[in-house]
Amino acid sequence: MSEKLKRDHDAAVGNIADTIRQFAAQGQKFRIKHGSTNSTRPTAAKGRHFVDTGKLSRVLEVDEARKTCLVEPNVPMDQLVKATLPHGLVPPVVMEFPGITVGGGFSGTSAESSSFKYGVFDRTVQYVEMVLANGDVVVCSNDENKDLLQGAAGAMGTFGIVTLLELRLITATKFVRLSYVPVKGVPEAVETLQKLIRDDSMDYLDGILFSQNQGAIISGQMTDQRSEDETIQTFSKSKDPWFYLHAQKMIRDTTSTSTQVVPLTDYLFRYDRGAFWTGSYAFTYFKTPFNRFTRRFFDDFFHTRVMYKAADASQLLHQYIAQDLALPFPRATEFIEYTARSFGIWPLWLCPLKPTPYVTLNPFPGIWNGASEPILNVGLWGQGPKSPKAFVAANRDLERKLVELGGIKALYAHTYYTEDEFWRLYDRKWYDALREKYNARSLPSAHDKVKVAVDVDVEGRGGGSLRDRVFRVRPMGGLYGVFKAWRSEEYREARRSKRR
């Protein structure tokens with residue numbers, strides 16, 4: 001790290017620490033303002049007591065010899081990969097949306113198709129620098145404050161403000177060779193994933209269930225080689241297919257495995273365009289034909305950064321189920337059959353995960369701590385009930401069924417647990433003791449951070465201001481969301497992306 005970068009970083013951290021000390025002296029609780037989010041949960045957070053960390057957005061160093069990098073928390077995934085690739089390195093776990101930040105991945109829990117091998121993103125973090133709620137600056141690693149390093153992972157910033165992270169890196173390759181395995185039902189999909197998890201040659205593994213009778217299990221192997229007869233498939237250009245549609249095409253009308261070569265960055269961010277498949281709902285909402293011509297014409301607005309801007313401004317997230325739900329493999333088929341009956345949402349994303357071996361707020365504590373068996377994350381994203389009360393009831397029933405089957409959910413999404421229910425799932429004694437040890441009691445608790453304000457989620461769609469009522473009239477909310485996304489100029493970033 002250059003001396004200038006170090007001075008600039010230390011000065012920024014010093015300013016954050018000074019601000020926090022002032023809040024601490026006044027006994028004032030505060031929240032952290034990052035500048036971006038990929039959370040889909042609505043909250044009722046109000047007030048002006050924020051600590052702004054938005055300027056901490058640089059890759060400070062890439063160490064080729066140690067295969068590590070020093071990164072500030074607001075560095076997004078695409079910029080992180082862009083910084084490490086010239087050194088022949090890449091993070092082991094790269095979240096599929098390029099705008100997800102390093103700090104968000106550490107504090108909020110993020111998994112990807114390499115998580116069956118490496119675990120969730122925070123398992124690749126070797127140390128963090130944090131500013132505690134009293135203004136102290138500490139370093140957490142396996143040698144120093146190890147309990148805080150482990151406890152802060154997935155805890156949504158409720159132990160302090162992360163200001164620097166050291167990440168482990170692996171050797172990068174030019175391509176990923178993908179294999180698309182067709183499956184004819186949910187049990188076969190689950191069984192195929194369990195089999196491929198044990199294959200040490202695999203670097204990436206996930207699956208898409210298009211219906212109860214059709215799915216694709218997609219495995220990937222990193223490689224620098226391709227044969228002369230192998231074409232290169234890309235997913236980042238406006239003329240390219242959305243990945244999930246391409247995967248469905250690859251397994252349609254065949255029982256054989258199909259393979260192809262994809263450039264590494266195109267693979268890592270393959271779900272950016274269309275945000276998996278949720279972008280298709282916008283075409284339905286605006287009653288617009290959904291085909292390769294319209295997808296190409298509107299491409300600028302269907303990158304995830306732009307879609308989050310539009311969805312947040314439109315208030316349409318109140319109408320959509322958006323959940324990642326982790327549970328033991330033996331219960332996965334029963335759970336998916338339940339979601340099919342109760343929600344009828346397809347496709348579903350299947351992502352196997354390596355369990356975390358210690359107590360955290362990641363989405364697999366309790367019975368999975370210290371376990372060696374992988375678990376399965378099910379991504380359930382789609383239209384929910386139109387009635388506000390029915391929407392909340394459906395989410396509550398989903399949480400009930402998941403707990404019944406020994407599962408737990410990622411906390412970025414709508415979370416309706418009461419405080420008592422929440423702490424029956426997580427270890428409150430451990431959590432409170434760690435918060436006490438590191439002076440974090442003035443920060444919002446984990447439940448404070450993740451709970452949906454039900455009055456906002458219900459009344460926000462059943463009553464509210466004149467603006468709220470106008471937004472509920474199609475297509476007013478959607479048009480406003482598109483306007484805000486256009487005004488933000490996030491679409492220009494997608495257009496300038498070197499991946500395109």
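I began with R467, which lies in helix 18, residues 466-471 (helices are DSSP runs of H or I, at least four residues, numbered from the N terminus). This is a predicted model, so I kept to the limits: local features need pLDDT of at least 70, side-chain atom pairs count only at pLDDT 80 or more, and totals for chains, interfaces and linings use all residues. Residues are numbered from 1 along each chain as its sequence is written, and side-chain values use heavy atoms, with hydrogens and water left out.

R467 counts as partly exposed at 45% relative accessibility (buried is under 20%, exposed over 50%, partly exposed in between, with a 1.4 Å probe and protein chains only). I found R467 in a positive surface patch with K309, K484 and R487 (patch residues have over 30% relative accessible area and no salt bridge, like charges being joined within 9 Å and nonpolar side chains within 5 Å; a salt bridge is a Lys or Arg side-chain nitrogen within 4 Å of an Asp or Glu carboxyl oxygen).

L466 is also in helix 18, and is exposed at 60%. I then listed a nonpolar patch of about 570 Å²: F286, L466, V470, V473, M476, L479 and V482. Helix 18 and helix 19 (476-488) each give two or more residues to the nonpolar patch, and helix 19 gives the most, 3.

Last, the cysteines. I searched the whole structure and got 0 disulfides (sulfur pairs within 2.5 Å). The sulfur of C69 is 18 Å from the closest cysteine sulfur, in C140, too far for a bond. C69 is buried at 1%, and C140 is buried at 0%.

Definitions and conventions:
Areas by Shrake-Rupley, 256 points an atom, 1.4 Å probe, with all protein chains shown as cover. Lys, Arg positive; Asp, Glu negative; His and termini not counted. Charge placed at Lys NZ, Arg CZ, Asp CG, Glu CD.
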